[in-house]
Amino acid sequence: MSEAADRRWLARALALAVRGHGRTAPNPLVGAVVVRDGVVVGEGWHVEHGAAHAEVMALRAAGEAARGATAYVTLEPCAHHGKTPPCTGALLAAGIARVVYGARDPNPVARGGAAVLREAGVAVDGPLDEGAVHDLDPAFFHRFASDRPFVTLKLAQSLDGATAPADGAQRWLTGDAARAEVHRQRAGHDAILVGLGTVLADDPLLTVRDVVPPPRRAPVRLVADRGARLPLASRLVATAREVPVAILTTGAPATADRQAALAAAGVRAIARDDLAAQLRALRGEGVASVYCEGGATLASALLAAGLVDRLVIFTAPVRLGVAARRPALAAGADPAGGRPPRLVALARFGDDTMATYDLTRVHRAG
């Protein structure tokens, strides 16, 4: 089969993989397509953590038609027995003649499936498009390249680059479709982070709403709050025993009483000297991805420290004028390590535009 055909079927597997968004972590998003004589005979994706893997789902759909067929998989088939048996065994048992995979598995426990299949006589081609697979699920690959969570920073601005009117009044810049996309993106992360200023201004809940299917686990809600000043009357504190809330604080002695009051309400404190150390502590607790929604002070600090891996900017078709607020995000910072940020995606949601940029410094082939 031609490389163009291989890429077409792999693109279909990538589109299927997205259907597991918010349900598979800490496992990756994976899609699979079984093709025989140029016709799709089976499709599948990893639906959720603990369930059958994408290859197994596609093979079940294909049945006997899988014998002698080609399997297209976004990620190198696993070769270990975890919550489910190895996918290499399922592919061999089904009689698959050829496997094409998009990216190598970075997990030292699971990788090696390509070699296992080749040794068993299966034709294996790949990695075919590591860049596309990394862009599909960057937080998964980041887990094996860093000791801190993958950080996505989301910003909303007007056409003239402002984030708020001159009087600082709180207002929605983007429309319903863009806000629905933000909730979808929240669902794909382990935690949602805002600064204390955002809490004081908006009193947000920071939950995932109206996403189908809902995330397997509600993201932890985080507040960058150096002095432990999170209001006890806030909605975050009121719901802390329903969905976890933690503050990222320096743990100064003056805040001890406040931290005790917050702890009594169910709010945990992660006390470290700076944001980098706080993020590393979160990673040690199993938080592999963080979705930051500002405000400007927190966004600037993350960018200046080189702690942002993906930048998502929503632009609304409004102008707020020359006197509007335009925070200078991370003046003098070089978050992309000397390289221009790479545009990952450009999309429209209603009247708003979303641009997604890759700021990671981790080398990626493909």
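Biologist: What is the order of the strands in the open sheet of 9 strands?

Modeller: This is a predicted model, in which local features need pLDDT of at least 70 and side-chain atom pairs count only at pLDDT 80 or more, while totals for chains, interfaces and linings use all residues. Residues are numbered from 1 along each chain as its sequence is written, and side-chain values use heavy atoms, with hydrogens and water left out. Strands (E, at least two residues) and helices (H or I, at least four) are DSSP runs numbered from the N terminus, and two strands pair if DSSP finds at least two bridges between them. With mixed pairing, this open sheet has the order E10-E9-E8-E7-E11-E6-E12-E14-E13.

Biologist: Which strands stand at the edges of this sheet, each with a single partner strand?

Modeller: An edge strand here has one partner, so one of its sides is left without a neighbour in the sheet. Neighbouring strands of this sheet are turned against each other by 20 degrees on average, direction ignored. The strands at the edges are strand E10 (267-271) and E13.

Biologist: Which residue is the bridge partner of Ile192 in E8?

Modeller: Strand E7 (residues 191-195) and strand E8 (residues 220-224) run parallel and are joined by 5 bridges. Ile192 takes part in this pairing, and its bridge partner in E8 is Arg221.

Biologist: At about what angle does H7 run to E12?

Modeller: Axes are lines fitted to C-alpha atoms, for helices over the stretch in contact, and angles run from 0 to 180 degrees between N-to-C directions. Contact means heavy atoms within 4.5 Å. Helix H12 (residues 296-304) lies across E6, E7, E8 and E11, at about 115 degrees to E7. H7 lies across E6, E7, E11, E12, E13 and E14, and to E12 it runs at about 165 degrees.

Biologist: How many of the 7 residues of E14 are buried?

Modeller: E14 pairs with E12 in the antiparallel sense over 6 bridges, and 7 bridges join E14 to E13, also antiparallel. Met354 of E14 is the bridge partner of Phe314, and Ala355 of E14 is that of Leu346. Buried means under 20% relative accessible area, exposed over 50%, and partly exposed in between (1.4 Å probe, protein chains only). E14 is mostly covered, and the number of its buried residues is 5.

Biologist: Which residue takes a positive phi in the hairpin of E13 and E14?

Modeller: This hairpin has 2 residues between the strands. The positive phi, near 65 degrees, is that of Gly350.

Biologist: Which strands are the edge strands of the open sheet of 5 strands?

Modeller: The 5 strands of this sheet follow the order E2-E1-E3-E4-E5, with mixed pairing. Its twist averages 15 degrees from one strand to the next. The strands that pair on one side only are strand E2 (39-45) and strand E5 (123-125).

Biologist: Why is E1 largely enclosed by the rest of the structure?

Modeller: Strand E1 (residues 31-36) runs antiparallel to E2, to which 6 bridges join it, and antiparallel to E3, with 4 bridges. Val34 stands opposite Gly42 in E2 and opposite Ala71 in E3. E1 is largely enclosed because, of its 6 residues, the number buried is 5.

Biologist: Which helix do the buried residues of H2 pack against?

Modeller: Helix H2 (residues 54-62) packs on the sheet, touching E1, E2 and strand E3 (70-75), and its direction makes about 140 degrees with that of E2. Its buried residues are Ala54, Glu55, Val56, Ala58, Leu59 and Ala62. Gly63, with a positive phi near 60 degrees, follows H2. Besides E1, E2 and E3, the buried residues of H2 pack against helix H3 (87-94).

Biologist: What is the C-alpha to C-alpha distance in space between Pro28 and Asp137?

Modeller: Pro28 is placed in the loop between helix H1 (3-17) and E1, and it is buried, with a relative accessible area of 14%. Not counting residues up to four places away in sequence, Pro28 touches His46, Leu75, Asp137 and Phe140. Pro28 and Asp137 are 109 residues apart in sequence, and their C-alpha to C-alpha distance in space is 6.9 Å.
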